[in-house]
Amino acid sequence: MPDMLPTTFAVETVLGCNLRCRECAVGSGLVRRRHGMMSYGDYERIAERIRPFSRYLYLHLWGEPMLNPDIIAMIRHASAYTATNISTNGNTLDARKARELITSGVTDIIVSIDGVSQEVYSAYRVKGEVERALASLVMLQRFNAELGTGVSITPQFIAFEHNRHEMALFAAFCRDIGLEPMFKAPYIREGSSLKPSGIQGLERRRSATPRGRIRAMSACPNARNVFTILLDGSVVACCYDHDGVTTFGNIFESDVMDIWNAPHYREFRERIINGDAPDFCVGECLMY
């Protein structure tokens, strides 16, 4: 894989959240690592190492990034060398924070809101307030239009059986304020009481056989150009490694290419691409 270089980076600026979303590893209590926030100094150390390679940077992983008091400064710094993405539940934003986010230089903002009524919304986004989330979306769009910042704002709705009847209302709300909604198929863990929407195109398609699933994993982008960094600097296979069991090195101790080209990391990625995905992928991947 000599031509494959990491160009997309995910940095866990917060491990923890103000909500308890039922299929999220944090919200459902699956993460055993100690929760916390990345300091600006640690972010800067990471930035110096990833700067030559990064074309796109997710400043979030398992947590609500807007909880980090330094997140705006991180985005401003990162936006000087790469495109950036923030995904938020919108429950912590006020007018000041919304304006700061819009003017931070961020490229893409995803606001996740899975309903328009409190009862339906909170069935998945436990402890969330739908009115606050919707108000945040309106504020972000208003500042974006007024200031001409050109940020891409995506209102995201994860479609389940319990909220599918509010999809049209959500779409109408978004279009009324000049945004286009994105409807997303859910990742549902085994044993969950949540059910898929039953809508064609909004359900995860899994291969009928284990072998077929492993072959499908050969298309995984994480094996080709994605570099995932946890709060403590550990580099892991992908976002589905919420507890750092596949650690291939630490960005605070080694350069990007030293980790990327380490024999055990190369072998791990090669196995995925060659249709022989490791046990971790078979057991933990929710994508394929």
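The model is a predicted one.

Start with the whole chain. It holds 10 helices and 10 strands. The radius of gyration is 19 Å, close to the 19 Å that the globule rule gives for 288 residues, so the chain is as compact as a globular protein of that length. The C-alpha trace spans about 50 × 45 × 35 Å along its principal axes.

Of the 288 residues, 52% count as buried. The accessible surface of the chain comes to about 12,900 Å². Carbon and sulfur atoms hold 51% of that surface. Now take the contacts with a separation of 6 or more: residues 24 or more positions apart account for 70% of them.

Now turn to a pair of helices. Two packed helices are described by the angle between their axes and the distance between the axes. Helix H5 covers residues 130-147, and helix H6 covers residues 167-176. They pack at an angle of about 30°, with their axes 10 Å apart. Angles under 35 degrees count as roughly parallel, so H5 is roughly parallel to H6. Which residues make the contact? H5 contributes Leu134, Leu137 and Val138. H6 contributes Phe170, Phe173 and Cys174. By class, the contact of H5 with H6 has six nonpolar residues, no polar ones and no charged ones.

Two loop residues follow. Thr92 lies between strand E5 (83-88) and helix H3 (95-102). Is Thr92 buried or exposed? Its relative accessible area is 14%. Buried means under 20%, so Thr92 is buried. Leave aside its neighbours within four places in sequence. Thr92 is then in contact with Asn18, Glu64, Met66, Leu67, Lys97 and Arg132.

Ile199 sits in another loop, between strand E8 (182-184) and helix H7 (210-216). Its relative accessible area is 21%. The buried class ends under 20% and the exposed class begins over 50%, so Ile199 is partly exposed. How far is Ile199 from Pro210? The two are 11 residues apart along the chain, and their C-alpha atoms are separated by 24 Å.

Conventions
Residues numbered from 1 in each chain as written. Predicted model: local features only at pLDDT ≥ 70, side-chain atom pairs only at ≥ 80, totals over all residues. Heavy atoms only, no water. Axes fitted to C-alpha atoms, helices over the stretch in contact; angles between N-to-C directions. Helix = DSSP H or I, 4+ residues; strand = E, 2+ residues; numbered from the N terminus. Parallel < 35°, antiparallel > 145°, perpendicular 65-115°, else oblique. Contact = heavy atoms within 4.5 Å. Nonpolar A, V, L, I, M, F, W, Y, C, P; charged D, E, K, R; others polar. Rg over C-alpha atoms; globule rule 2.2 N^0.38 Å. Buried < 20%, exposed > 50% of the residue type's maximum accessible area, 1.4 Å probe, protein only. Areas by Shrake-Rupley, 256 points an atom, 1.4 Å probe, with all protein chains shown as cover.
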